[in-house]
Amino acid sequence: FNYWIAKAYAADKPAQVKKIGFDETSRKKGHSYITLGVDLDARKVLHVAEGKGKDCISAIKTHLVSKGMDVNKIAHASIDLSPAFIAGIGEHFPQAEIHFDRFHVVKLLNEAMDKVRQLERIEHAELKGHKYTFLKNRTNLTDKKEQELSKLITLYPTLGKAYRLKELFNDLWGMETEEEATAFLVDWCKTVDEGECEPFKKFSRTVQVHWQGIINFCETSISNGILEGINSKIQLAKRRARGYRCVKNLINMVYFLCGKLTFDYPSY
């Protein structure tokens with residue numbers, strides 16, 4: 001298996017990349033990761049580096065250069081909000097416009113919403129068991145949960161204000177121009193900063209620090225959705241194998257499943 005993967009990987013000649021995505025995925029329990037570099041147009045894994053962070057971005061660039069690719073022609077890079085990834089893109093792909101993936105931004109937004117619920121839950125036992133009542137998209141709630149949500153945001157004004165901020169922020173993803181998205185975010189952050197909801201103020205500060213990358217996503221809708229799908233395949237492979245003790249075997253399985261390699265197996 002490793003022989004044929006290595007042969008196909010060495011012979012692979014990827015086309016010029018214009019949009020690249022980076023994401024890490026766990027190799028095993030604990031702080032053990034691999035980082036994927038993915039061509040978002042071709043939907044294929046270009047290179048896998050052991051570990052995570054800035055050095056992995058460098059390793060992926062080195063691989064692309066070794067394949068004769070002009071990395072200066074890579075115009076867009078989609079990443080999560082990792083400071084190490086941001087620094088790595090700035091150093092190794094300085095010409096690439098950074099796009100912060102919607103999935104990770106919404107995850108932080110939901111964490112702020114849930115923190116408000118937890119603080120209210122301390123004083124109000126009625127909120128027990130309603131974590132996902134506030135986190136799910138309203139359109140995905142059952143009629144019963146929809147009625148419960150309407151009741152809770154009316155009975156508990158703090159939760160009601162937080163929920164409206166959460167729902168309002170998600171209108172951002174429908175913005176189509178930089179001007180529209182910028183005006184919306186300025187107004188939303190101002191509303192939050194003038195209020196007293198500390199979890200949302202913390203989220204607002206994160207948005208302001210990563211402002212341009214979020215705006216860039218709204219304008220182009222480039223995201224790591226493809227990477228999330230690839231990550232699901234990797235996690236499924238790990239479960240089927242009951243885990244990988246050797247990182248080389250896991251990386252080769254990633255190439256096998258997601259590298260779109262061409263194999264020249266012998267025929268008999």
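A: Twelve helices and five strands make up the secondary structure of the chain. Helices are DSSP runs of H or I with at least four residues, strands are runs of E with at least two, and both are numbered from the N terminus. The model is predicted, so local features need pLDDT of at least 70 and side-chain atom pairs pLDDT 80 or more, while totals for chains, interfaces and linings use all residues. Residues are numbered from 1 along each chain as its sequence is written, and side-chain values use heavy atoms, leaving out hydrogens and water.

Some overall context. The C-alpha trace spans about 70 × 45 × 30 Å along its principal axes. The chain has 268 residues, and 47% of them count as buried. Buried means under 20% relative accessible area, exposed over 50%, and partly exposed in between, with a 1.4 Å probe and protein chains only. Take the contacts (heavy atoms within 4.5 Å) between residues at least 6 apart in sequence: 60% join residues at least 24 apart.

Now the rings. The whole structure holds 14 aromatic pairs. Rings of Phe, Tyr and Trp (its six-membered ring) pair if their centres lie within 6.5 Å; planes under 30 degrees apart are stacked, over 60 edge-to-face, and the rest tilted.

Tyr9 and Tyr255 are stacked, with 4.4 Å from centre to centre and 25 degrees between the planes. This pair links distant parts of the chain. Tyr9 belongs to helix H1 (residues 2-11) and Tyr255 to helix H12 (residues 247-258), 246 residues apart. Both Tyr9 and Tyr255 are buried.

Phe169 and Phe203 form an edge-to-face pair, because their planes stand at 75 degrees, with ring centres 5.1 Å apart. This pair also joins distant parts of the chain: Phe169 is in helix H7 (residues 157-169), Phe203 in helix H9 (residues 198-209), 34 residues apart. Phe169 is buried at 0% relative accessible area. Phe203 counts as buried too, at 4%.

There is also a cluster. Ring pairs link Phe1, Tyr3, Trp4, Phe256, Phe263 and Tyr265.

A charge sits over a ring if NZ of Lys or CZ of Arg is within 6 Å of the ring centre and within 35 degrees of the ring normal. Lys67 lies over the face of Tyr9, 5.7 Å from the ring centre. The charged end of Lys52 sits over the ring of Tyr33, 4.2 Å from its centre.
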